[in-house]
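Subject: A structure for you to look at

Hello,

Please open it first, and then read on with it in view.

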Amino acid sequence: MTDFQVSVSETDGVVSLSLTGELDLATAGRLESELRRVEGGGPSVLIIDLRQLRFIDSTGLRLIIGADARAREDGRRMAIVPGPVSVHKVFELALLDKRLEFIEDPSTLEGA
Amino acid sequence: MTRVLSKATSIGEAAPKILGAVGESLGWDVGAIWTIDRGVLRCVDVWKAPGLDVPEFEAITREKTFPPGVGLPGRVWSTGASAWIEDVGRDDNFPRASMAAAEGLHGAFAFPISSGAGVLGVVEAFSRQVREPDEDLLEMMAAIGTQIGLFIQHREAEDSIRASERRFAFLAEAGALLAASLNYERTLAKVARLGVPDLADWCAVDVLEPDGTIRRLAVAHTDPAKVALANRMRRRYPPEDAGAGLGKVLRTGRSELYPQIAPDSLETIAFDDEHLNILQSLGLTSGMWVPLTARGRTLGAITFASSDSGRVYGPEDLSLADELGRLAGVAVDNARLYEERSHIARTLQRSLLPPRLPEIPGIEVAARYRAAGEGNEVGGDFYDVFEVGKGAWAVMIGDVCGKGAGAAAITGLARHTLRTAAMSEWRPRRILVVLNEALVRNETDEYCTVAFARLSSMGKRVRVTLACGGHPPPLFLGADGTVEAAGRPGTLLGVFPDPEFATAVLDLQPGDALLFYTDGVTESRPGVGLSETALRDLLVSRTGDSAEKLADAVERAAVEAQPDGPRDDIAIVCVRVSE
């Protein structure tokens with residue numbers, strides 16, 4: 001079975017989702033329900049941390065694009081901490097490195 | 001007496017001991033024990049005092065059956081009370097009187113074996129003397145009769161528990177077989193074999209085909225010679241025409257139980273003398289037919305019949321068989337749904353891929369497609385190669401995110417939009433913009449990635465104009481063994497209303513190749529899959545190979561790099577300028 005975990009932390013309305021392992025068709029459901037749950041709490045900033053992610057497929061990409069679209073609609077800031085080269089390449093290939101907000105250091109937002 | 005009963009495992013085993021105990025301790029000469037069997041009293045055993053022989057009386061007793069009220073046993077059965085006859089020769093309700101008189105038997109008494117449920121059997125005792133009624137003796141015997149009754153009841157309860165345990169074990173085993181496989185034909189044959197000999201001497205499974213014909217899937221019989229006989233009969237006398245049994249169950253969807261098949265009843269169902277002959281030689285004594293049902297429809301039937309074993313089917317057997325019919329019906333239904341779904345998926349998949357690749361003068365083209373999984377879902381990868389003008393060709397490859405019906409619809413939309421757009425617009429970048437608009441307007445969550453190239457023959461070389469939307473860039477393999485990615489990143493199609501695509505132009509010389517692929521090829525997870533670097537190395541090692549050989553090598557490497565089977569669809573298109 002694919003190994004995948006989501007851990008959630010929150011400080012002053014900044015919610016951070018840290019993804020570990022492989023995000024694909026088999027595990028996307030878990031991220032999706034976690035995203036919906038967190039968004040329901042109305043955070044002002046949502047951070048998706050991909051530093052521990054080892055693999056992402058198109059299903060995973062779709063979830064992140066969807067979360068970004070909802071963030072724009074709800075007037076929430078969403079930022080992504082880039083994953084390792086193999087993961088980040090998937091974003092670059094689709095020019096998503098230009099279309100989504102990527103930040104190197106999540107602490108700059110968490111302290112805000 | 002209690003000791004005798006507690007050691008016995010059946011009434012048949014206990015009977016001689018009971019009779020012996022009664023006869024010897026009380027000084028009576030002959031005893032008989034009767035139990036109720038299908039509406040009459042039938043003798044289970046006869047006991048005689050040592051040295052005594054009463055052949056005529058014993059023979060008639062073992063042979064004769066008594067309905068309620070008739071004879072000494074019938075009288076005790078109908079009244080539920082003990083009875084005493086001083087001399088059977090002078091009794092007017094004792095049909096065996098002449099045999100008894102001839103062999104010197106006179107006095108008799110009988111008592112019921114009874115339980116709370118009523119009379120279960122009768123015990124008789126006979127004496128060579130004329131005997132005065134003995135009330136104390138009758139009272140004692142009544143108590144013994146109750147004790148024997150309890151014993152029988154207890155044994156019957158145990159038998160019924162054992163039988164229900166066997167039934168449960170049978171159903172559990174059959175259920176496990178049926179659930180384990182989608183190949184219902186093979187599974188039902190196993191179920192038929194499972195039924196023999198525990199449940200039947202003869203078990204057959206028939207399914208109703210969509211055109212209304214009945215197809216025999218499996219037959220199991222304790223005697224293989226009879227299988228051949230039955231198969232011959234079935235060919236000659238189709239069950240569709242039969243008014244009873246299989247044909248009827250398939251028409252009505254209701255099970256049929258024939259506890260006893262009397263030899264003369266066969267005449268009423270036989271089509272002709274030869275049929276009757278075969279029916280008789282099959283020697284069927286009892287039978288039941290249950291429908292295979294699922295979602296209110298009858299899909300077939302299971303036949304259970306007994307012959308040599310003499311087993312008689314009752315309501316409990318029927319309810320077990322009915323349950324098996326339901327289990328098997330659901331299994332057949334599931335398997336058929338699955339087959340149907342796979343068939344639809346394959347048909348749809350074929351409609352999303354070109355039936356054949358065009359012949360392009362001076363350019364070799366090869367394509368490979370491999371859907372992930374068991375082939376029951378439509379994959380999201382697509383490719384196409386077609387002519388767009390004189391000496392100009394379009395090559396495209398794409399990947400729709402997701403699987404199943406939704407993805408298939410987007411795949412169809414993408415492929416046809418690209419084909420149509422390519423007829424009026426020659427710039428690949430503009431063609432991707434048209435598709436992006438169509439997908440954004442479509443307002444689904446699905447998106448796709450595409451690499452689209454226009455190939456134009458320019459003498460010996462071929463000019464490639466290429467645009468990518470979120471798709472891995474095709475790999476250029478030079479005749480000299482160099483490999484590089486061709487094309488620049490572009491946005492995914494169907495996500496942003498303001499897409500961004502870049503055009504790349506490259507010229508292929510004779511011997512140069514261009515490999516288009518989907519990310520199923522390079523699905524590289526930690527430890528599994530073909531990395532992009534490995535793919536490049538592979539191409540370099542294949543420099544000079546034809547387009548067909550290159551496509552083969554890439555497909556094989558991609559599949560072999562995922563030992564558990566590809567998790568994503570794999571699509572490959574390779575073009576190469578002939579040398």
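Below is what was found in it, chain by chain and then where the chains touch.

One thing to keep in mind from the start is that this is a predicted model.

**Chain A**

Chain A has 112 residues, and 36% of them are buried. It holds five helices and four strands. If you trace chain A from the N terminus, the elements come in the order β-β-α-β-α-β-α-α-α. Among the contacts in chain A with a separation of 6 or more, 70% are between residues 24 or more positions apart.

Next, turn to two helices. Helix α1 (residues 28-40) of chain A and α2(A) have axes that come within 10 Å and cross at roughly 10°. Angles under 35 degrees count as roughly parallel, and α1(A) and α2(A) are therefore roughly parallel to each other. On the α1(A) side, the residues that meet α2(A) are Ala28(A), Leu31(A), Glu32(A), Leu35(A) and Glu39(A). Facing them in α2(A) are Thr59(A), Gly60(A), Leu63(A), Ala67(A) and Arg70(A). By class, the residues of this contact divide into five nonpolar, two polar and three charged.

Is Val87(A) buried or exposed? It has 20 other C-beta atoms within 10 Å, and a residue counts as buried at 20 or more, so Val87(A) is buried. Leaving aside neighbours within four places in sequence, Val87(A) is in contact with Leu50(A), Leu53(A), Phe55(A) and Ile56(A).

**Chain B**

Chain B has 579 residues, of which 40% are buried. You will find 16 helices and 21 strands in it. Of the contacts in chain B between residues at least 6 apart in sequence, 65% join residues at least 24 apart.

Helix α6 (residues 135-180) of chain B has 46 residues. From its first C-alpha to its last, α6(B) reaches 67 Å, close to the 68 Å expected at 1.5 Å a residue. Its buried residues include Met141(B), Ile148(B), Phe151(B), Ile152(B) and Leu178(B).

Chain B also has an open sheet of five strands with antiparallel pairing, in the order β13-β14-β15-β16-β19. At its edges are β13 (381-389) and β19 (503-508) of chain B, each pairing on one side only. Neighbouring strands of this sheet are turned by 20° against each other on average, direction ignored. Within the sheet, nine bridges join β15 (residues 448-458) to β16 (residues 461-469) of chain B, and these two strands run antiparallel. Met458(B) has Arg461(B) in β16(B) as its bridge partner.

Helices pack on this sheet too. Helix α13 (residues 404-424) of chain B touches β13, β14 (392-400) and β15 of chain B, and its direction makes about 15° with that of β13(B). Helix α14 (residues 428-442) of chain B touches β15, β16 and β19 of chain B, and its direction makes about 150° with that of β15(B).

**Where the chains touch**

How many residues of each chain are in contact with the other? There are 14 from chain A and 16 from chain B. On the side of chain A that touches chain B, the elements giving two or more residues are β3 (45-56), α2 (58-74) and α3 (85-93) of chain A. The largest share, five residues, comes from α2(A). By class, that side of chain A has five nonpolar, three polar and six charged residues.

Enjoy looking around!

Best wishes

Notes
Residues are numbered from 1 along each chain as its sequence is written. Chains are lettered from A and ligands numbered from 1 in the order in which they are written. This is a predicted model: local features need pLDDT of at least 70, side-chain atom pairs count only at pLDDT 80 or more; totals for chains, interfaces and linings use all residues. Two residues are in contact if their C-beta atoms, placed from the backbone, lie within 7 Å. Ala, Val, Leu, Ile, Met, Phe, Trp, Tyr, Cys and Pro count as nonpolar, Asp, Glu, Lys and Arg as charged, and the others, Gly among them, as polar. A residue is buried if 20 or more other C-beta atoms lie within 10 Å of its own, exposed if 12 or fewer, and partly exposed in between; C-beta atoms are placed from the backbone. The expected span of a helix is 1.5 Å times one less than its number of residues. Two strands pair if DSSP finds at least two bridges between them. Axes are lines fitted to C-alpha atoms, for helices over the stretch in contact, and angles run from 0 to 180 degrees between N-to-C directions. Angles under 35 degrees count as roughly parallel, over 145 as roughly antiparallel, 65 to 115 as roughly perpendicular and the rest as oblique.
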